[in-house]
Amino acid sequence: MKDANKLNHLFPAKHNLGPLVNKMGGLENTIRAVLNAANNKLPVSGVFNNISVNVAEQTVFIRGNVINGVPHLGTIFIP
Amino acid sequence: MNWKEKLSEIEISFGHHEKRDWRSAIKLVENLISEYPNNIEINVRAIYIIHNILVEEEYPNDEHDLMADLLKRCFSKSYQRFSENPEYLFFIGKILYIAEWYFGLSDDLKPLEKKLAFRMQKKAYEMEFNNQLYEWAFVFSKDEKKKAFALSNQILNGESNWLEWLKTKGYPGTYVIESLEYCYEYYKKLV
């Protein structure tokens, strides 16, 4: 994922992802890690809401949509 | 209370992933759109509000489909009406990148130039070449980091009135300001 608009949307300060991003070494690495952790937790297709995944000992919530087998994230946050 | 204040009351509670009943907010937005169909700011703010609730806030699962359907209808109708208006193209182009499925689009894997979001931003900029804000949105999407950083710096710290203008635009304005700040802070380290 390289889209600047999407990256900017996923990582505002209010999503509390700063320490995790530092630990993972960047925004794109964090997304990759989140999607890897979500493997087998997402529906085959369609919208998913508040799926919790564990990344580097942090519980992260994700929302999005699986389209043609590809997960698309709408939001990621740590409450 | 006028419509700007009513919309601000909804928008002020955003960003906390709060569980609350959004039905009255959605009803208000629906009513405003039907009362003021030609008002660009109402249509833009309505789309941002519904989109934000769907993507970021907490709501009962059974309300999802109704809101998703409403967002698609709002976008479809307003796009027909305002597709030649640069302000509409600028704001809606920006939000289309996030959860395009709610707008009935499947552009995510297409090249940038083919995405409706980008085509809207490009058109806004072409219609107003001297508008720094529209230029920033265009180059930010093109991932031209140096130029995007310089423009974000001018808009946030320079003497133009764009920042003040954005502050009058409710949540969409705030959303763009946050994006400008992200661009400025993040790209400062890179360029």
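Reader: Thanks. Where is the place of Glu185(B)?

Author: Glu185(B) sits in helix H10 of chain B, where helices (H or I, at least four residues) and strands (E, at least two) are DSSP runs numbered from the N terminus. Before going further, please keep in mind that this is a predicted model, in which local features need pLDDT of at least 70 and side-chain atom pairs count only at pLDDT 80 or more, while totals for chains, interfaces and linings use all residues. Residues are numbered from 1 along each chain as its sequence is written, and chains are lettered from A and ligands numbered from 1 in the order in which they are written.

Reader: Okay, and why is Glu185(B) exposed?

Author: Glu185(B) counts as exposed because 12 other C-beta atoms lie within 10 Å. The scheme calls a residue buried if 20 or more other C-beta atoms lie within 10 Å of its own, exposed if 12 or fewer, and partly exposed in between, with C-beta atoms placed from the backbone.

Reader: How many Å separate the C-alpha atoms of Glu185(B) and Gly15(B)?

Author: Those C-alpha atoms are separated by 20 Å, and the two residues are 170 residues apart along the chain.

Reader: Now the two chains: how many residues of chain B are in contact with chain A?

Author: 17 residues of chain B are in contact with 17 residues of chain A, where contact means that the C-beta atoms, placed from the backbone, lie within 7 Å.

Reader: And which elements give two or more residues to that side of chain B?

Author: They are helix H3 (40-56), helix H7 (132-141) and helix H10 (170-188) of chain B, and H10(B) provides the largest share, three residues. By class, the side of chain B that touches chain A has seven nonpolar, five polar and five charged residues; here Ala, Val, Leu, Ile, Met, Phe, Trp, Tyr, Cys and Pro count as nonpolar, Asp, Glu, Lys and Arg as charged, and the others, Gly among them, as polar.

Reader: Let's stay with H7(B). Is H7(B) mostly covered or mostly uncovered?

Author: H7(B) is mostly covered, since nine of its 10 residues are buried, among them Leu133(B), Trp136(B) and Phe140(B). What covers these buried residues includes helix H1 (4-10) of chain A, together with several helices of chain B, one of them helix H6 (116-127).

Reader: How do the axes of H6(B) and H7(B) cross?

Author: The axes come within 8 Å and cross at roughly 145 degrees; axes are lines fitted to C-alpha atoms, for helices over the stretch in contact, and angles run from 0 to 180 degrees between N-to-C directions. Residues that meet there include Phe118(B) and Tyr125(B) from H6(B), and Tyr134(B) and Phe138(B) from H7(B). The residues of this contact divide into six nonpolar, two polar and two charged.

Reader: What comes just after H7(B)?

Author: Just after H7(B), Asp143(B) takes a positive phi of about 65 degrees, in the loop between H7 and H8 of chain B. Asp143(B) counts as exposed because it has 12 C-beta neighbours inside 10 Å.

Reader: And over in chain A, what is phi of Glu57(A) near?

Author: Phi of Glu57(A) is near 65 degrees, a positive value in a residue other than glycine. Glu57(A) is found in the loop between strand E1 (46-55) and strand E2 (58-67) of chain A, and it is exposed, with 7 other C-beta atoms within 10 Å.

Reader: What about the inside: how many residues has the largest nonpolar core?

Author: The largest nonpolar core has 55 residues, and those with the most contacts inside it include Ile47(B), Trp136(B) and Ala148(B). H3(B) gives the most to this core, with nine residues. Such a core is a set of buried Ala, Val, Leu, Ile, Met, Phe, Trp, Tyr and Cys residues joined through C-beta atoms within 7 Å. Apart from it lies another core, of 12 residues, among them Phe11(A) and Leu73(A).

Reader: Back to H3(B), then: how many of its residues are buried?

Author: 14 of the 17 residues of H3(B) are buried, so the helix is mostly covered.

Reader: What does Ala148(B) touch?

Author: Not counting residues up to four places away in sequence, Ala148(B) touches Trp136(B), Val139(B), Phe140(B), Cys183(B) and Tyr187(B).
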